[in-house]
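The sequence and structure come first.

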Amino acid sequence: MTVASTPALEADRQSLISLIQEEAVFHGDFTLSSGKKATYYVDMRKLTLDHRAAPAIGRIMLDLIRDVDGIVAVGGLTLGADPIANAVMHESARTDAPLDAFVVRKEPKDHGRGRQLEGADVAGKRVVVVEDTSTTGQSALKAVEALRREGAEPVAVAVIVDRKTGAQAAVEAAGLTWLAAIDLDDLGLQPQ
C-alpha cells in the first residue's frame, strides 16, 4: 500500500479513493483491454476527466514519481494517459522542477510528419509512463517501446490504480520501476 508523502497529499489520496469507490467501480461482466474477463471495472477515465478529481490526480501522481531522478516529462499511450500527463504537467508547473507531457499514439500518423510521439521532445531524456489502471502492463510497455525507438529513456511506469493482475511483474521484467498510487486493497476489491 502506498502512502503519500505529506498529510495533505494523503488526504487527497483518501478523497480520490472514496471517489473511485463511489463513482468509478462498476460491477458486472466486463472484458478488459487485455482481453481478460472481470466482474468489476474501474473506469478511471470517468475521474481523470472530472474537475473534482483531476487536480488531486496531478498532485498524487507528481508525489508518486517525486523520487524518480532526472525525469523531464510524463505521458503514455493515448487516450488513458493523456489527462493524467496533463494533470501532472500542470501541477508540476507550481514546483521548481516542472515536467512536460507527451502523447504516444497507438500507431504513427500516416500524414504530416508521421509521428507516433507528440508533445515534449524526449530524445535522450528520462521519462515516466503514466496510466490510469493496468492489468497486464501491455499498454504501458507499448508506450515504452515507442519511446525507446525515439531515443527516450523510460525509467518508470506510474499508475493511479494497480489491479494486481501481473502488470507490475511485466513492467519490472522490462527493466522499469513500477509505481502505483492506489491498489485493490485501498478500494476493498479482490484481484481477478
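## The cavity

On a 1 Å grid over the protein atoms alone, a cavity is a set of points where a 1.4 Å probe fits but cannot get out, and its lining residues have an atom within 4 Å of a point. Grid points are joined across faces, edges and corners, and a volume is the space filled by probe spheres set on the points.

One cavity of 30 Å³ or more is present, and the volume of the largest cavity is about 40 Å³. Its lining is made up of Thr2, Val3, Ala4, Arg13, Ile60, Asp63, Leu64 and Ala181. Five of these residues are nonpolar, one is polar and two are charged (Ala, Val, Leu, Ile, Met, Phe, Trp, Tyr, Cys and Pro count as nonpolar, Asp, Glu, Lys and Arg as charged, the others, Gly among them, as polar). Helix α3 (residues 54-64) contributes the most to this lining, with three residues.

## The strands

Helices (H or I, at least four residues) and strands (E, at least two) are DSSP runs, numbered from the N terminus. Two strands pair if DSSP finds at least two bridges between them.

Five bridges link strand β3 (residues 71-77) to strand β4 (residues 100-104) in the parallel sense. From β3 the chain passes through helix α4 (residues 82-92) to β4 in a right-handed β-α-β crossover; that is, with the strands pointing away from the viewer, the path from the first strand over the helix to the second runs clockwise. Strand β4 also runs antiparallel to strand β5 (residues 117-119), with three bridges. There, phenylalanine 102 has glycine 119 in β5 as its bridge partner.

## Basis

Residues are numbered from 1 along each chain as its sequence is written. The model is predicted: local features need pLDDT of at least 70, side-chain atom pairs count only at pLDDT 80 or more, and totals for chains, interfaces and linings use all residues, while side-chain values use heavy atoms, with hydrogens and water left out.

Technical notes: On a 1 Å grid over the protein atoms alone, a cavity is a set of points where a 1.4 Å probe fits but cannot get out, and a pocket is an open set with protein on both sides within 12 Å along at least five of seven lines; lining residues have an atom within 4 Å of a point.
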